[in-house]
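User: I would like to go through this structure with you. Could you start with the terms we shall need?

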Amino acid sequence: MNYPIISLIIRASKNNFPNVNELSNDVCTIINGKFHYQVKKQVIDGALWWMADYAGKGVNCSFKSKLAIEKITRGDMNGFVHEHIIPKKLIREKLMALSGHATIEQVEKLLCLSTYCLVTKEEDIRLTKKHKQVMPNNCWMNDNASPAEIWGRYSAERIEVT
């Protein structure tokens, strides 16, 4: 199975929200600042939700499973989940590890990994049963991670994505 390349997504910020660069800059400031752990965590979580939203949501989601597309085509608009391709917790942990020495480029690269895939509820159950907060391997963190490594949870569960 071939999986799409996440880095090619065009992210559009919502009205009155920061664009990707502004958001990355602000998150970098918080990560490097002397803020309480919980404050940093809340800011990062919010930024990760925004970035996923910027890449598309609902039927406008950048990525959809084959089964989700089949349901939409049949006119069945029930039973969908916006699922983070890489669990948000893992991206947050990677960002928190940069505390005190993060660059805007590092932050933006990690924030851009926060992307939804529209899946059916049944597919979401399969994904979260074994891979709720884990990836099959840690290759997704490499600078040259392949789409297959980024989509490791989906390929492990044989969920096709377009």
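Analyst: Contact here means heavy atoms within 4.5 Å. Please note also that this is a predicted model.

User: Understood. Which residues does Ser65 touch, leaving out those up to four places away in sequence?

Analyst: Ser65 touches Cys117, Leu118, Val119, Thr120 and Glu123, together with Ile159, Glu160 and Val161.

User: And which side chain makes a polar contact with the side chain of Ser65?

Analyst: That is Glu123; the two side chains are joined by a polar contact of 2.6 Å.

User: Where is Ser65 found, and is Ser65 buried or exposed?

Analyst: Ser65 lies in the loop between α2 (37-54) and α3 (66-73). The residue is buried, because its relative accessible area is 0%, below the 20% cut-off for that class.

User: Turning to the whole chain, how many helices and strands are there?

Analyst: The protein chain has eight helices and two strands. Along the sequence, their order is α-α-α-β-α-α-β-α-α-α.

User: Why is the chain called as compact as a globular protein of that length?

Analyst: Its radius of gyration is 16 Å, close to the 15 Å that the globule rule gives for 162 residues, so the chain is as compact as a globular protein of that length.

User: What share of the residues counts as buried, and what about the surface?

Analyst: Of the 162 residues, 42% count as buried. The accessible surface comes to about 8800 Å², with 52% of it belonging to carbon and sulfur atoms.

User: Finally, how far apart are the mean positions of the positive and negative charges?

Analyst: They are 5 Å apart, for 22 positive and 17 negative charges.

Notes
Residues numbered from 1 in each chain as written. Predicted model: local features only at pLDDT ≥ 70, side-chain atom pairs only at ≥ 80, totals over all residues. Heavy atoms only, no water. Helix = DSSP H or I, 4+ residues; strand = E, 2+ residues; numbered from the N terminus. Rg over C-alpha atoms; globule rule 2.2 N^0.38 Å. Buried < 20%, exposed > 50% of the residue type's maximum accessible area, 1.4 Å probe, protein only. Areas by Shrake-Rupley, 256 points an atom, 1.4 Å probe, with all protein chains shown as cover. Lys, Arg positive; Asp, Glu negative; His and termini not counted. Charge placed at Lys NZ, Arg CZ, Asp CG, Glu CD. Polar contact = N/O pair within 3.5 Å; in protein donor to acceptor, adjacent residues only side chain to side chain.
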